[in-house]
Structure formats: C-alpha cells, structure tokens
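Visitor: I'm new to this one. Can you walk me through it?
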Amino acid sequence: MAAPKRDSRSDLRDGGGAVPLDGEAPQGIKTTLFTHGQLIPSLGDAKLRRPMVMEVIEKKFEYLRKEKTLNIHGTLFLGATTSFCGTMANSIFRKGLKVKYDALKTYASLATLPFLSTIVTYKLFVTDALCSGNLSKESCALRSSLVSMICGILYPSALAFSKNGRLAVKYNTVPLPPRGRVILHWLLLCQTEMKAIGIALIFQTTFGVINGVQHYEIYQGTLKKRVYED
C-alpha cells in the first residue's frame, strides 16, 4: 500500500516559511525595508511627497518667469530707445545733407539694425555675465551704459551718415569734398547734426546706467527669494 503524500504546505509550515495565500506577498518580502542601509519609502509617503515637490517646482518656475519677464522688458525698452535714436539720426542727416531719396529704405534699416544689435549685445555682455555671477553693481551699470551709448548713438549715427552720405554723393545734393580734405569737409558739413546727436548721447547713456542698476537689483532680489524659499 502506498504511503500517503504529505502536503507541501504543511512542510513549509513546519519549516517556518510563509505561505502566500490569496495573492499575498511572502512575509520575508514584506519586512524587507532596507536596501544598502537605506529605508525604502512606502507608497503612502511617495504620494504625500509628490504634491510638495510639484509645489516647489512651480514656485521655481514662477520666479524664473518673473525674472525673465522683467529682464526682457528692460532690454526691449532699451532697444526701443536705440531704435528711436536711429530714426532721429537718420532724419537729422537727411535734412543736413538735403537727401530726399530712398526714405523708406533708410528709415527701415536705421530702426531695425540698432534695435537688434542692442538686444544681442546686451544679452551677451550684461545678462549672461550677470547670471554667471561675475558682475558687481557698478560693472553692470557701466556695461549697460556702454551698450546703450555704442548701440544707441555711435552705431546709428555712423550708419545714418554712411547711408545718407552715399545718397548725397549719388544725387549731387551737396558739393563733393576737395582732395585731401574729405574728413574735414564732412565734419564741417555735419557739425550742426553732431551737436543735436550729442544731446541724445547724454540721455541714452543716463538711461543705460539706470537700466543696468535696475537689472542688477532685480536679479539680486530674485536670488534672495530663492534662498528664502529653499
């Protein structure tokens, strides 16, 4: 007569092992909470931490969005002033050189080129250097004023002079300079226009200093808010 077979479950019970019933996990797996000396967070803790992490991330993005918006507003306003100075310089040189041709072409180039050059130059020499932490308040104001002066006055004035000077020579609206006195001839011819541009130079440089100081204060205020929230 064959011997009765013992139930495998009874063998496991006798050996002290845990039997999985109705899809339950073994007790050994349930009690294993340490991996390399660190406690594995439970599912409930993960659900509680997730809203907190999302809230912190949203606050970070909000601060970055505010900082970027304020910086863009200041840079765009600086670019708008340089664009206005470009159109003003074009108008002054057209009247001084008695040019009445290609008005739309000269005004379009004198309005767009200084604006774009200001945006790019300000980002490279002021915004990027400030975000890297390599600028003091005085250096930021100095760089901003130089960008405003060069891209807002010197570059538009040189561009307006070259464009309208070529048109004046082409259409013979002003007498041609004598040999050996080209630079002196053009300086004497445009001395009134240069005085008017000098007033705009003072205004543009002052606005560049104010914009640089304001940009630095905005950046430092944003950093303090981040440290306080962290």
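Guide: Residues are numbered from 1 along each chain as its sequence is written, and side-chain values use heavy atoms, with hydrogens and water left out.

Visitor: What does the chain average for pLDDT?
Guide: The average is 76, and 67% of the residues score at least 70. pLDDT is the predictor's confidence in each residue, from 0 to 100. Over residues 5-40 it is below 50. Where pLDDT is low, the predicted coordinates should not be read in detail.

Visitor: How many helices and strands are there?
Guide: The chain has seven helices and two strands. These are DSSP runs, numbered from the N terminus: helices are H or I with at least four residues, strands E with at least two.

Visitor: In what order along the sequence?
Guide: The pattern is α-α-β-β-α-α-α-α-α.

Visitor: New topic. How much space lies in the largest cavity?
Guide: About 30 Å³. A cavity is a set of points on a 1 Å grid over the protein atoms alone where a 1.4 Å probe fits but cannot get out; lining residues have an atom within 4 Å of a point.

Visitor: Which helices supply at least two residues of its lining?
Guide: H3 (43-96), H5 (137-171) and H7 (191-229). H5 gives the largest share, four residues. The lining includes Cys85, Gly152 and Ile197.

Definitions and conventions: This is a predicted model: local features need pLDDT of at least 70, side-chain atom pairs count only at pLDDT 80 or more; totals for chains, interfaces and linings use all residues. Contact means heavy atoms within 4.5 Å. On a 1 Å grid over the protein atoms alone, a cavity is a set of points where a 1.4 Å probe fits but cannot get out, and a pocket is an open set with protein on both sides within 12 Å along at least five of seven lines; lining residues have an atom within 4 Å of a point. Grid points are joined across faces, edges and corners, and a volume is the space filled by probe spheres set on the points.
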